[in-house]
Amino acid sequence: MIDKSALAREEKEQARVTLWLDSYDDLFSDFDPRSYSKRALSDDFIAQAKKLIREESRGRDFLWQLLLPASVRNSAHEAVIAERLPLIFSRSYEQLLLQRKKSRIRGIKMAGFGILLMVIGGYISFQEPEEFSVHLLLIIFEPAGWFLFWSGLDILLEYSRKTKKDLDFYRRISRTKIIFGSY
């Protein structure tokens, strides 16, 4: 038997994020004609969900409530959607983690290659070359090394900062409970 008072306390402790929908189609892309079990989510829906969740939950766990007119509610659709949304957001979280990892590796490679070019340029300048072609290499290697080094560091730091909010959003929303209601 479900303890309703414990459930009520749990819901009070959690933030409640509520979205009003005209139909289930508001969740999905208008350009995707497939069934609810396969359709892509709407970019507008995702943007609105991010905004509301950041404003309403303030970092706490939350209960996500989707409200629809009673006349359009369908329990079969709701079951499919409630099961599918966390999977979509979990997959998005995993993809973003993979992109972040690839970006970090790219940044490390760029910074490392930049350092290598600077070391080569330093070695060339230490040799005090007299040939034009060697001076030309020095002129190319030094700024290229600095550029690659700083660009690599920028990728490492800036991309991590930019994706932190999205990673947090997708991680939290993939674990949340979705309930449907009427308005």
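# Notebook: salt bridges, strands and surface

I began with a charged pair: Asp168 forms a salt bridge with Arg171, and their closest N and O atoms are 2.5 Å apart. I note the cut-off: a salt bridge is a side-chain nitrogen of Lys or Arg within 4 Å of a carboxyl oxygen of Asp or Glu. Side chains of opposite charge can pair when their charged atoms come close.

Before going on, I wrote down that the model is predicted, that local features need pLDDT of at least 70, that side-chain atom pairs count only at pLDDT 80 or more, and that totals for chains, interfaces and linings use all residues. Residues are numbered from 1 along each chain as its sequence is written, and side-chain values use heavy atoms, with hydrogens and water left out.

**Entry 1. The salt bridges**

Where do Asp168 and Arg171 sit relative to one another in helix α4? They are three residues apart in this helix (residues 132-175), so about one helical turn separates them. Helices here are DSSP runs of H or I with at least four residues, strands are runs of E with at least two, and both are numbered from the N terminus.

I then looked up how covered the two residues are. The classes are buried (under 20% relative accessible area), exposed (over 50%) and partly exposed (in between), with a 1.4 Å probe and protein chains only. Asp168 is partly exposed at 28%, and Arg171 is partly exposed at 30%.

How many salt bridges does a search of the whole structure find? It finds six. I looked at two others among them. Asp32 forms a salt bridge with Arg34, with 2.8 Å between the closest N and O atoms. Asp32 is buried at 10% relative accessibility, whereas Arg34 is partly exposed at 44%. Glu78 forms a salt bridge with Arg73, where the closest N and O atoms are 2.7 Å apart. Glu78 is buried at 9%, and Arg73 is partly exposed at 30%.

**Entry 2. The strands**

I counted four helices and three strands in the protein. Along the sequence they follow the pattern α-β-α-β-α-α-β.

Strand β1 covers residues 15-20, and its side chains alternate.

Which strand pairs with β1, and in which sense? Strand β2 (residues 62-68) pairs with β1 in the parallel sense, over six bridges. Two strands count as paired if DSSP finds at least two bridges between them. I checked two positions: Ala15 stands opposite Phe62 in β2, and Thr18 stands opposite Gln65 in β2.

On its other pairing, β2 is joined by six bridges to strand β3 (residues 177-182), and these two strands run parallel. One of the positions I looked up is Leu66, whose bridge partner in β3 is Phe180.

Why is β2 largely enclosed by the rest of the structure? Seven of its seven residues are buried, so the strand is largely enclosed. Both of its faces are covered: Phe62, Trp64, Leu66 and Leu68 lie on one side, Leu63, Gln65 and Leu67 on the other, and all are buried.

**Entry 3. A nonpolar patch**

On the surface I found a nonpolar patch made of Phe113, Leu116 and Ile120, with about 250 Å² of accessible area together. Patches are made of residues with over 30% relative accessible area and no salt bridge; like charges are joined within 9 Å, and nonpolar side chains (Val, Leu, Ile, Met, Phe, Trp, Tyr) within 5 Å. Leu116 lies in helix α3 (residues 75-126) and is partly exposed at 42% relative accessibility.

Accessible areas come from the Shrake-Rupley method with a 1.4 Å probe, and for residues only the protein chains shown count as cover. The protein exposes about 12,200 Å², of which carbon and sulfur atoms supply 58%.

**Entry 4. Overall dimensions**

The C-alpha trace spans about 85 × 40 × 25 Å along its principal axes. The protein has a radius of gyration of 26 Å, while a compact globule of 183 residues would have one near 16 Å. This radius is taken over C-alpha atoms, and the globule rule is 2.2 Å times the number of residues to the power 0.38. Of the 183 residues, 37% count as buried.

Last, I looked up Trp146, which lies in helix α4 and is partly exposed at 46%.
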